[in-house]
Amino acid sequence: MFDERAAMKMRLEQIQDLEIRIIQEFQKERSQILNRIRELDEGAETTDATDATSKTIKPESTFASDQVKTKSQRRKNKRKHTTLTKEAIKVLKEHSAAISGKEIAATVEKSTGKSVGNITQFMNRVMTTDSKVKKPYRGQYIYEKQSSSPIEDMEPVTLSGSIDGGSET
């Protein structure tokens, strides 16, 4: 008897077979490309020996080392961002009114000598770093020195008298 469970098992086996075939096709294509690159490198080696030594093919096993490099690059980027972020917060503290992201980026780039890149992403990072940095309008940023919430500005009220509403006797 053929039921849904058997059909699902059959479909899983078909998918697994397809995956294996696709992987084999990719591996075959990769080896063809690598062989062609080696042929091109060998041809270039005969014409210029010094250029051929600088052109090497990275095997697939060095992929992990590439990831380590990107992590160290991320650390450097984070250090760069911390200096830029601190400078942006400093610029915002100096201004009492809202200032545009372009102006902040220009001032930060001028004072640090480093490029900000995407202003929106940079300012989002600044806002997550310091909760007092706010975006009141599109493209405008401000540093709130103190919260101006009406509830916080109210003075506490003390109640006098009894709870039952009667007079004290």
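Three strands form an open sheet here in the order 1-3-2, with antiparallel pairing (strands pair if DSSP finds at least two bridges between them). The edge strands are strand 1 (99–100) and strand 2, each pairing on one side only. This is a predicted model, in which local features need pLDDT of at least 70, side-chain atom pairs count only at pLDDT 80 or more, and totals for chains, interfaces and linings use all residues. Residues are numbered from 1 along each chain as its sequence is written, and side-chain values use heavy atoms, with hydrogens and water left out.

Next, select strand 2 (residues 133–137) and strand 3 (residues 140–143), which run antiparallel and are joined by three bridges. Val133 has Tyr143 in strand 3 as its bridge partner. Two residues lie between the strands of this hairpin, and Gly139 takes a positive phi near 75°.

Now show the whole chain. It has six helices and three strands (DSSP runs numbered from the N terminus: helices are H or I with at least four residues, strands E with at least two). Along the sequence the pattern is α-α-α-β-α-α-β-β-α. Of the 169 residues, 15% count as buried (under 20% relative accessible area, with exposed over 50% and partly exposed in between, for a 1.4 Å probe and protein chains only).

For the largest nonpolar core, select Leu92, Ile104, Val108, Phe122, Met123 and Val126, which have the most contacts inside this core of 16 residues. Such a core is a set of buried Ala, Val, Leu, Ile, Met, Phe, Trp, Tyr and Cys residues joined through side-chain atoms within 4.5 Å. Helix 3 (63–94), helix 4, helix 5 and strand 3 each give two or more residues to this core. Helix 3 gives the most, with five residues.

Stay on Ile104. Leaving aside neighbours within four places in sequence, Ile104 is in contact with Ala88, Leu92, Ile99, Met123 and Tyr141 (contact means heavy atoms within 4.5 Å).

Last, select the lining of the largest pocket: Ser100, Gly101, Lys102, Ile119, Thr120, Lys135, Arg138, Gly139 and Tyr141. On a 1 Å grid over the protein atoms alone, a pocket is an open set of points where a 1.4 Å probe fits, with protein on both sides within 12 Å along at least five of seven lines; lining residues have an atom within 4 Å of a point. Helix 4 (101–112) and helix 5 (119–129) each supply at least two residues of this lining. The lining residues divide into two nonpolar, four polar and three charged.

Notes: Ala, Val, Leu, Ile, Met, Phe, Trp, Tyr, Cys and Pro count as nonpolar, Asp, Glu, Lys and Arg as charged, and the others, Gly among them, as polar.
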